[in-house]
Amino acid sequence: MFDVLIRNGLVVDGTGKPGMKADVGIEKDRISLVGHANGFTAAREIDASGKVVCPGIVDPHSHADLTIFRPDHTRLLEPLVRQGVTTFIGGNCGLSMAPLGEKHHTALQQYIEVFTNLDLGRDCPWQSMGEFLDTIEKRGVLLNTGVLAPHGVIRINQLGPERRYATDAECDAMADEVERAVDEGALGLSAGLQYYPGSHSDTREMVRLGRALKRNGGVFACHLRSYSANTVAKAIDEVVEVARTNGIAGQISHIFALPVFGPFGPPIRAGIRTLAKLSDRWTPPLPLDGPLRHCVDRMMRAIESGADIGMDIMPTTTGFTHLLAFFPPWALEGTREDVIARLRDPECRKRIRRAIERGKGKWPHVENDSWSLNLFHLMGWECCRIMAVVSEKNKRYEGMRLVDIAHERHKHPLDAACDLLLEEEGHVLVFESLAHPEDKLTERSTFAPIKHPKVSISTDTILMGMGKPSMLFYGCYPKFFGRYVREKRMLSLETAVHKVTGLPAAHFRLKGRGQIAEGAFADVLVFNPERIATNATFDKPDSPPIGIEHVFINGKHVIEGDTFHADLRAGAVLRRT
């Protein structure tokens, strides 16, 4: 007798093979039958006629680890489960909650609190990766949780906030930390090479740290050093070099490529924004995904030459990060007090503005005014909208463009940005988009990786309970199935399911996850392929999807129609060892 028997569904098993009509039986936390359950009974039966039965979704790039230890994380992360996510990989972009060293505690506190607004001493009663994983496992987790060792945290543990290349001895010390974290359960190493302090590293450092992953089969996941179209190829090659040199898997995080328009940038961007405004009514059939097609082709050539490389993309044209990421690295050196002093200094503001407006996107971005992703220079001052602030007085700015705030304050956008950072003590998260959020013109630039069978789909989740969330946090995967599979027919249902289940599960070595197979863990999603869609928009992101009917995590029925069983912390902590 099964605990649950899902009858008559179209089983799409996550491998990419054609779907088949079958029954799925669940006993405890495992799938015990895939086939025909004639004569079998169950404590609970679900008729899935006309529905898709597939593995729960595996999100390969998330920051839900910044929330998962909180007592209220079940409420905060509910939107992920409601869209079918059963497993996430956290600790991305070089940032996570462990291991926390004592040597440079102040620098570490200031680094982590920009995103989390947490007090490490008060909120984080652990130091090592093993202690962090033990803590969340004891408290219980809503979703299956895998965490990468964060390069940014580990670098600060060893070097503090210094802006320089690491010595061989410091690389060895960091490698020891990485290996210890993986021994204690981390799934690999992540880096955020665009951001401080990852931007202070070189390829030699990353290759040396990648060596520490080989013994335990850890994955190297990387927010690239550059996503500008003129140097993104070199940034991809850097990840490939780390992976190939060490015989490990590499993951290229949330791929995108920003065009470099040169001196004609302002009028070209203005034209793009004008066309984007009209794109809901009419979208020019322009092949805008050439730069990302080249990125995917580069990944495929690396795979064909023997490298183990993966890639993920967010199905959106609107990214998000912290506002300080828009500033030249030299402006962010030292402590928070040092940064604040520069933001207050009128002469320093002039120097920052010159760096933004005249900076050159040269590789490897080591000169003062040459850095990996000069976002204001590439996308214009109009690209930035406020995502989250801390103070009540500035909450009204959430969702507003920086240029509109500047106009209201009668200031240049850089001065408005500096003033806002000072008022919020550096805690400002922002959206960035070349044109309008989620417009159908610049969406065309994402098509090549969205439909490629070797590129997985990610949310880049930052659900902290504050600010204006991305629509992806509520509707990433329903949008993927509804828009790109059903409406645009860009890829088959089986390929789409594989891209969000079996592909990321296999790349991150998650045994027993990402497949509907006898003996696999019972992470199961049932959805209506004719209805699945997102209601979330940029302006109203916190809208639940439609078409998601059942979600099981390790055999526990977490989503049942519109009902979310908040008392079930059904997830498992996934450890490399």
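The legends below describe close-up views of a predicted model.

**View 1**
Six strands make up an open sheet with parallel pairing, and their order is S9-S10-S11-S12-S13-S17. Strand S9 (149-150) and S17 stand at the edges with a single partner strand each, so one side of each is left without a neighbour in the sheet.

**View 1. Strand S13 between its two partners.**
Strand S13 (residues 308-313) has 5 of its 6 residues buried, so it is largely enclosed by the rest of the structure. Strand S12 (residues 249-252) runs parallel to S13 and is joined to it by 4 bridges, with Gly 250 standing opposite Ile 309 in S13. S13 also pairs with strand S17 (residues 455-457), again in the parallel sense and over 3 bridges, and here Met 311 stands opposite Val 455 in S17.

**View 2. The largest nonpolar core and the surroundings of Ile 255.**
The largest nonpolar core has 166 residues, and those with the most contacts inside it are Met 97, Phe 132, Phe 220, Ile 255, Leu 323, Phe 327 and Phe 481. Helix H17 (residues 472-487) gives the most to this core, contributing 9 residues. When neighbours within four places in sequence are left aside, the residues in contact with Ile 255 include Leu 224, Tyr 227, Val 232, Ile 236, Leu 292 and Cys 295, and also Met 311, Asp 312, Ile 313 and Pro 449. A second, separate core of 16 residues includes Ile 26, Ile 31, Ile 46 and Ala 48. In soluble globular proteins, nonpolar side chains tend to be buried together.

Phe 69 and Trp 126 are both buried. In the pair of Tyr 111 and Tyr 196, the ring centres are 5.9 Å apart and the planes stand at 80 degrees, so this pair is also edge-to-face. Because Tyr 111 lies in helix H2 (residues 105-116) and Tyr 196 in the loop between strand S10 (188-192) and helix H7 (203-211), the pair ties together parts that are 85 residues apart in sequence. Tyr 111 and Tyr 196 are likewise buried.

**View 3. An aromatic cluster and two charges placed over rings.**
Phe 320, Phe 431, Phe 473 and Phe 538 form one aromatic cluster. Over the face of Phe 538 lies Lys 468, at 5.1 Å from the ring centre. Elsewhere in this view, the charged end of Arg 513 sits over the ring of Phe 521, 3.7 Å from its centre.

**View 4. Helix H11 and the helices that cover its buried residues.**
In helix H11 (residues 336-344), the buried residues are Val 339, Ile 340 and Leu 343. Seen down the axis of H11, these buried residues fall within an arc of 100 degrees, so they line one face of the helix. Helix H12 (346-358) and helix H15 (413-423) are among the elements that cover the buried residues of H11.

Thr 74 is found in helix H1 and has a relative accessible area of 7%, so it is buried. Leaving aside neighbours within four places in sequence, Thr 74 is in contact with Leu 142, Phe 564, Ala 566 and Arg 569. Glu 113 lies in helix H2 and counts as buried at 10% relative accessibility. With neighbours within four places in sequence again left aside, Glu 113 is in contact with Leu 118, Arg 336 and His 427.

Terms used. Residues numbered from 1 in each chain as written. Predicted model: local features only at pLDDT ≥ 70, side-chain atom pairs only at ≥ 80, totals over all residues. Heavy atoms only, no water. Buried < 20%, exposed > 50% of the residue type's maximum accessible area, 1.4 Å probe, protein only. Phe/Tyr/Trp six-rings, centres within 6.5 Å; stacked < 30°, edge-to-face > 60°. Helix = DSSP H or I, 4+ residues; strand = E, 2+ residues; numbered from the N terminus. Lys NZ or Arg CZ within 6 Å of the ring centre and 35° of its normal. Contact = heavy atoms within 4.5 Å. Pairing = 2+ DSSP bridges. Core = buried A, V, L, I, M, F, W, Y, C linked by side-chain atoms within 4.5 Å. Arc of directions from axis to C-beta.
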